[in-house]
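Let's take a walk through this model together, one region at a time. Have the sequence and the 3D view open as you read.

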Amino acid sequence: MDILKELLFINGKDVYAEYGAFLTEEKAGAHTNYDALLRPPAMKDYVAVSFREQDGEKLPAVLPSPRFEAREVTLYFALMADTKAGFLARYEAFMLVLKSGWLSIRVPELNKTYKMYYKECTGYDQLTYLASESVYVSRFKVKFREPVPTI
């Protein structure tokens, strides 16, 4: 399925060509992956002083430059292969790259690169039975941490 090539790169490798993995959605027409990547991060709070004798809080007359909090991003992947052995090899290779440390996640369609690290897998579905299918497919949600958010 050449249509899935060059849509997502992790550490410079095309995840579909290298691992048989790609971003997927739970429903046709959904765009939760891009929503997660493009959602603006939360702002850091300004340092304020709260006096018991006064209403509200005191802030500087000129606010310092606003800064973002670190954020977590959950992406929904699918992984597929033509054979059981191929599926298991691709799965293991993809998990090894995810746990390798810093990940440079590049999405050419968005013209963005995100620097993140793997935090956890929050859900896994084996979509085909490994014993007798002609194609082997799974879906899983992966939570990443982006310490310095990209906008």
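Which residues of H3 are buried? Before answering, please keep in mind that this is a predicted model. The buried residues of the helix are Phe 87, Phe 94, Val 97 and Leu 98. They sit on the same side of H3, because the arc they cover around the axis is only 100°. Turn to the other side of H3 and you will find Ala 85 and Glu 92, which are exposed. As for the helix itself, H3 runs over residues 84-98 and has 15 residues. From its first C-alpha to its last, H3 reaches 21 Å, close to the 21 Å expected at 1.5 Å a residue.

Now let's move to the charged side chains. Side chains of opposite charge can pair when their charged atoms come close. Glu 72 forms a salt bridge with Lys 143, where the closest N and O atoms are 3.6 Å apart. Glu 72 belongs to strand S4 and Lys 143 to strand S7 (residues 136-146), so this pair ties together parts that are 71 residues apart in sequence.

Glu 72 also meets Arg 145 in a salt bridge, at 3.7 Å from N to O. Here again strand S4 supplies Glu 72 and strand S7 supplies Arg 145, so the pair ties together parts that are 73 residues apart in sequence. Both residues are partly exposed: Glu 72 has a relative accessible area of 27%, and Arg 145 is at 25% relative accessibility.

Lys 143 has a further contact to show you. Its side chain meets that of Glu 120 in a salt bridge, at 3.6 Å from N to O. Glu 120 lies in strand S6 (residues 112-126) and Lys 143 in strand S7, so the parts tied together here are 23 residues apart in sequence. Glu 120, at 35% relative accessibility, counts as partly exposed too. Step back, and you can see a network of salt bridges that links Glu 72, Lys 119, Glu 120, Lys 143 and Arg 145.

Tyr 46, Leu 59 and Leu 63 make a nonpolar surface patch of about 250 Å². To find Leu 63, look in the loop between helix H2 (32-38) and strand S4 (71-81). Leu 63 is partly exposed, with a relative accessible area of 41%.

Key: Residues are numbered from 1 along each chain as its sequence is written. This is a predicted model: local features need pLDDT of at least 70, side-chain atom pairs count only at pLDDT 80 or more; totals for chains, interfaces and linings use all residues. Side-chain values use heavy atoms; hydrogens and water are left out. Patches are made of residues with over 30% relative accessible area and no salt bridge: like charges are joined within 9 Å, nonpolar side chains (Val, Leu, Ile, Met, Phe, Trp, Tyr) within 5 Å. Accessible areas come from the Shrake-Rupley method with a 1.4 Å probe; for residues, only the protein chains shown count as cover. A salt bridge is a side-chain nitrogen of Lys or Arg within 4 Å of a carboxyl oxygen of Asp or Glu. Helices (H or I, at least four residues) and strands (E, at least two) are DSSP runs, numbered from the N terminus. Buried means under 20% relative accessible area, exposed over 50%, partly exposed in between (1.4 Å probe, protein chains only). The expected span of a helix is 1.5 Å times one less than its number of residues. The arc is that of the directions from the helix axis to the C-beta atoms.
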